[in-house]
Amino acid sequence: MPHEIFRLAVEAFPNGMVMADESGNILMVNAELERQFGYDRDELLGETVEVLIPERFRARHSHHRETFTRTAKARKMGTGMELFGRRKDGSEFPVEVALNPIQFAERLLIVGAVVDISERKRAERLKDEFVATVSHELRTPMTSLAGSLGLLVGQWSDKMPAPAARLLVIAQSNAQRLVRLINDILDIEKAESGSVAFAFKRIDAVELIEQVIECNRTYATSYNVHVRIESDSDHIEITTDADRLAQIVTNLLSNAIKFSPPDAEVVVTLKRRAGGLRLSVRDWGPGIPDDFKPHVFEKFAQADATNARQKGGTGLGLSIVKQLVDLFGGKVGFSDALDGGTIFFVELPDHEGHRPRILHLDDDQNVLALVRVALSDDADVISVDSLEMARIALQTNQVDLAVLDIAVGNASGLDLMPQLRDATGNIIPVIVFSQVDDLNCDGQIGGSLPKGRTSLDDLVDAVRDRLLPPTTRYIKEVA
């Protein structure tokens, strides 16, 4: 009976399932995998798993399999790279694969769960097409329309009949709302795709915030709300992206102004912190309900839809703030204010003189020396030739990226993965530079480069791609 229950459960599993031995020979498949790949199970049993993989990937996959059996652990593949399955008729489809090792008697068996993500990819393409359409077909004409209506309101509304002038003001207001919605959608898409570009320069943060407040003065007046700034210094210099910082403050101000009652005062507080600054925006609104607090920074999140419609807004402003602050390498949060309302705060690092630090683990001294020289213009490289030295280095240094060889003596560089977290618990990204490429481990490994087939220039490019802002890829110094 237990065997029959297990068989029924495997057959009913909604994703494809395949079991293979350590040599890759297929021992079991379920009905969903038959449907996905177009084979009868009798055609698959005894074949190697490479039969399910496009021919161009098969040689490489055999190396992956050998590596997995040496350091077998539960692992999700497909994060950060494209995986494809090959059907019996030769057609291909995108997949995600999760692998699980099972020790049975003295045999190592591997169970793979295969998910067909064709529909997800199709949805992503549709979203990309929609964003492109919004960007090219809607934003330009809507911006022009809103600007034209603004000119009419400013110069001609007093010469129109009152009902016509009122309609013109309504049209201008709605056009501006549409422009804000379009811009918010594009901003959130850029942030999620990692395509936000940063132009860092030395600025006076106090002066910038004062300018942002002045630019939002008319908006605050429309709600009969006052805005002022408090700072522990007349000048606070910081190296950051002025435009993105202004966008963060504008979104926080907009949120605070909308939900503060008439005659209330929104206070922007700026304080210098070691290594950066802390900015807070205090409103006098109704506060955030406890059940909504976990969702504050989610897209289109609004605690009270009825109130939100009255106040206006897209529900994207705070999500954009969170995305941008994360890209800055900062921190964002909120707390209940003592006398009512909410305080949103942002902590941003000062990127002046920031230089990334990379841990490179390899037991080949020549490779260590070559990589250290190749990356010397981009980062400080800590070169270690053993797992023990790598662990000691992590105890005494904060690193931004790890470049790991898999085979280090009798150990694997992947054994270091649990320790690769920074002081706040965030995962440190990894590049595998080894004989085996295209290896993935729960998304932490963002790329793998094969020794012997990778130039040092390619390695430098991969490092720059993985070092998120504030680092080489997105920093453009501005005079």
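Predicted model: local features only at pLDDT ≥ 70, side-chain atom pairs only at ≥ 80, totals over all residues.

Modeller: Residues are numbered from 1 along each chain as its sequence is written, and side-chain values use heavy atoms, with hydrogens and water left out.

Biologist: Why is Glu-32 called buried?

Modeller: Buried means under 20% relative accessible area, exposed over 50%, and partly exposed in between (1.4 Å probe, protein chains only). Glu-32 has a relative accessible area of 18%, so the residue is buried.

Biologist: What makes Arg-35 exposed?

Modeller: Arg-35 has a relative accessible area of 56%, and is therefore exposed.

Biologist: How do you know that Arg-35 forms a salt bridge with Glu-32?

Modeller: A salt bridge is a side-chain nitrogen of Lys or Arg within 4 Å of a carboxyl oxygen of Asp or Glu. The closest N and O atoms of Arg-35 and Glu-32 are 2.7 Å apart, so the pair meets the definition. In helix H2 (residues 31-37), these two residues are 3 apart and are separated by about one helical turn; helices (H or I, at least four residues) and strands (E, at least two) are DSSP runs, numbered from the N terminus.

Biologist: What makes the contact of Lys-293 with Asp-290 a salt bridge?

Modeller: The closest N and O atoms of Lys-293 and Asp-290 are 3.2 Å apart, so this pair also falls within the limit. Lys-293, at 23% relative accessibility, counts as partly exposed, whereas Asp-290 is exposed at 62%.

Biologist: Why are the buried residues of H14 said to line one face of the helix?

Modeller: Leu-459, Val-460, Ala-462 and Val-463 are buried in helix H14 (residues 456-466). Seen down the axis of H14, its buried residues fall within an arc of 160 degrees, so they line one face. The arc is that of the directions from the helix axis to the C-beta atoms.

Biologist: What makes a set of residues a nonpolar core?

Modeller: A nonpolar core is a set of buried Ala, Val, Leu, Ile, Met, Phe, Trp, Tyr and Cys residues joined through side-chain atoms within 4.5 Å. The largest such core has 44 residues, of which Leu-252, Leu-253 and Leu-279 touch the most other members. Its largest share, 9 residues, comes from H9.
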